[in-house]
Amino acid sequence: MNKLTTFSVAILASAFTAQAQDINQAKKAIDAEQFESAKTILKSIIKAKPSNGTAYFTLGNVYLTQSVEDSAKIYFQQGLSASDGAKLNYIGLGQMDLDKNDVTGAQAKFALASKDMKKKDVQEFVYIARAYMNANKPDYKSAIALLTRAAINNSQDAQLQLALGDAYYGDGKQNEAYVAYRSAFQLDNSLLRAKMQLGVLLKGAKSYDEASKAYNEVIAINPNYGPVYRELAETYYKIARNKPSQAAENYKTAMGYYDKYMSLTDYSINSRMRRADFLILMEDYVALEAEANKMIELDKVNPRIYRYLGYAAYKNGNVDVAIKSLETFITSPGNKAIALDYLYLGLTKIKKGTSADGLSIDPTAMSSGLVDIKKAIEMEPLAVQELSEVGKKLFTQKLYKEAASVFEFGSNVNDSKTYLDDNVYYGLANYYANNSKDVKVDVVALQKADAAFEKVLVASPTYLEAYLYRARTNRLLEKDDVMVKNYEDYVAKTTALGAEELAKPAVKTKFIESYNNMAASFANTDKPKAIEYFKKTLALDPANSYATESIKILK
């Protein structure tokens, strides 16, 4: 071989090595969640060597991570035409099929990507498994099955063990995840994410001190590894939630770690969005509104920013900004509105329609708000849990009909943690809305109140007030037989609690109410029975004029 040929080969070998190093550099940036840096590196690789299909695939995955599906698809499709690593791009397109619930299409593309693989190769299987895990509806079991089969031929691949740990973690198998993460780090001690995930497992087990210790071990190896500070931030957030007395201090620590994480990423619009997500978690809506306004200055066309601004403005009482922002987000093409978007939009409309003194709500605003709230509940039934405090506030303001409209949503969601409270207040709101002399009785509303109190007694048989309110409700409905039965149940079950309960002045008052109403119901049909109940009233309150006068009339 002559010198010129040797030199040319050396240059080609050097160029190939440089390209490989650049890909690895991009992958390190991705692992460090420096996505903008990774995109810059990958675009430079593609420009220098358009035949590098791996670069297209890696870049497409970055865009998928950032939920920029259009750009991801363009790079995956362009990558299919590359001469080197083109087949990997089928995996990216396969994940996009999974996102559209097209499992058959995805599997066909995965088959193309893994065709003609050598026995010891695992890279394609790792990427396919991650596609299953990263899809909108993660399929961890398929990922585990695929990686387990791949491990039979090559169990010593660190990336395979890391992916297996993630799959087990996603599937709730903590012990298996621990073994896989530990193996990944033992195989490659530069793989800090594997070591960090051991701390994540401890955080999930609520061993927060041990989790923090594990994260600090990662920092001791590399103090510039950004993701570990995000995990520390989330750990201190959880500590704050579990120790209310020290919440302020721990929230401050959490935010400090999150800012450290941000300083080690790229402060791009996407990293700012991640910070905005954390501010929502922290319920720091003042800071969120400021962050959202900064993001709008950086990117005036990104519609996701309007979600953050809408949430913050709602929480901060800026109703006009909230309505405009949320409507802009929801109606922007390509956006995927979630239940919380509609819930906050509906609640903001109601808030806007509420009078300055809080004693009335514009009916049109109330109706429009309820339409959006209904959409939210249809998308995510447990969103009703956000409504409970809103309904209680309306109830306190004696806006009973409006409160009933809000509590009705939660009264039908059995799995909600506010289910019992919602039914209690739903029944009470409907009852009090019809318990005024100047109000025409709404029979349907009272029937709903009765049904709500019945649900309360099924969920909590010891909540004896529900018998009392069922009796009062049926008195308004003029169902005397049901009313008497409810009062009898209240009296009997309360009496069973013993003398201490009966000695309470409030209980005595309720017994007098029960006896007098039962007596009145028998006045025209069974006078002896009526007199019997009035005498029970007088045994508790000898000066009760209603019972005294009624007995005189009945005799």
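Visitor: Which residues does Asn544 touch, not counting those up to four places away in sequence?

Guide: Asn544 touches Ile512, Asn516, Thr537 and Leu538. Keep in mind that this is a predicted model.

Visitor: And where is Asn544 placed?

Guide: Asn544 sits in the loop between α29 (527-540) and α30 (545-554).

Visitor: Does Asn544 count as buried or exposed?

Guide: Buried, because its relative accessibility is 11% and the cut-off for buried is under 20%.

Visitor: Moving on to Ala547, which helix is that in?

Guide: Ala547 is in helix α30. Its relative accessibility is 0%, so Ala547 counts as buried.

Visitor: What does Ala547 touch, leaving out residues up to four places away in sequence?

Guide: Ala547 touches Asn516, Phe534, Thr537 and Leu538.

Visitor: Which residues of α30 are buried?

Guide: Ala547, Ser550, Ile551 and Leu554 are buried in α30. Seen down the helix axis, they fall within an arc of 100°, so the buried residues line one face of α30.

Visitor: What is on the other side of α30, and what covers the buried residues?

Guide: On the other side, Ser545, Lys552 and Ile553 are exposed. The cover over the buried residues of α30 includes α28 (505-522) and α29.

Visitor: New topic: α12. How far apart are its end C-alpha atoms?

Guide: They are 20 Å apart. Helix α12 has 14 residues (208-221), and at 1.5 Å a residue it should span 20 Å, so the two values agree.

Visitor: Which residues of α12 are buried?

Guide: Tyr208, Ala211, Ser212, Ala214, Tyr215, Val218 and Ile219 are. Down the axis of α12, the buried residues lie within an arc of 160°, so they line one face of the helix.

Visitor: Which exposed residues are on the face turned away, and what covers the buried ones?

Guide: Asp209 and Ala220 are the exposed residues on the face of α12 turned away from its buried side. Helices α11 (192-204) and α13 (226-242) are among what covers the buried residues of α12.

Visitor: What is the phi of Lys206?

Guide: Phi of Lys206 is near 65°, a positive value in a residue other than glycine. Most residues other than glycine have a negative phi. Lys206 lies in the loop between α11 and α12, and at 59% relative accessibility it counts as exposed.

Visitor: And what about the phi of Ser67?

Guide: Ser67 is not a glycine, yet its phi is positive, about 60°. Ser67 is in the loop between α3 (53-65) and α4 (69-79). At 47% relative accessibility, Ser67 counts as partly exposed.

Visitor: How many residues are in the largest nonpolar core?

Guide: It has 164 residues, and Ile91, Leu288 and Ile373 have the most contacts inside it. Leaving aside neighbours within four places in sequence, Ile373 is in contact with Tyr342, Leu343, Gly346, Leu347, Ile350, Leu387 and Phe409.

Visitor: Last one: how much space lies in the second largest pocket, and what lines it?

Guide: About 500 Å³ of space lies in the second largest pocket. Its lining has 18 residues, with Glu283, Tyr285, Leu340, Tyr344 and Glu386 nearest the centre. Helices α13, α15 (269-282), α17 (304-315) and α19 (339-352) each supply at least two residues of that lining.

Technical notes: Residues are numbered from 1 along each chain as its sequence is written. This is a predicted model: local features need pLDDT of at least 70, side-chain atom pairs count only at pLDDT 80 or more; totals for chains, interfaces and linings use all residues. Side-chain values use heavy atoms; hydrogens and water are left out. A nonpolar core is a set of buried Ala, Val, Leu, Ile, Met, Phe, Trp, Tyr and Cys residues joined through side-chain atoms within 4.5 Å. Buried means under 20% relative accessible area, exposed over 50%, partly exposed in between (1.4 Å probe, protein chains only). Contact means heavy atoms within 4.5 Å. Helices (H or I, at least four residues) and strands (E, at least two) are DSSP runs, numbered from the N terminus. The expected span of a helix is 1.5 Å times one less than its number of residues. The arc is that of the directions from the helix axis to the C-beta atoms. On a 1 Å grid over the protein atoms alone, a cavity is a set of points where a 1.4 Å probe fits but cannot get out, and a pocket is an open set with protein on both sides within 12 Å along at least five of seven lines; lining residues have an atom within 4 Å of a point. Grid points are joined across faces, edges and corners, and a volume is the space filled by probe spheres set on the points.
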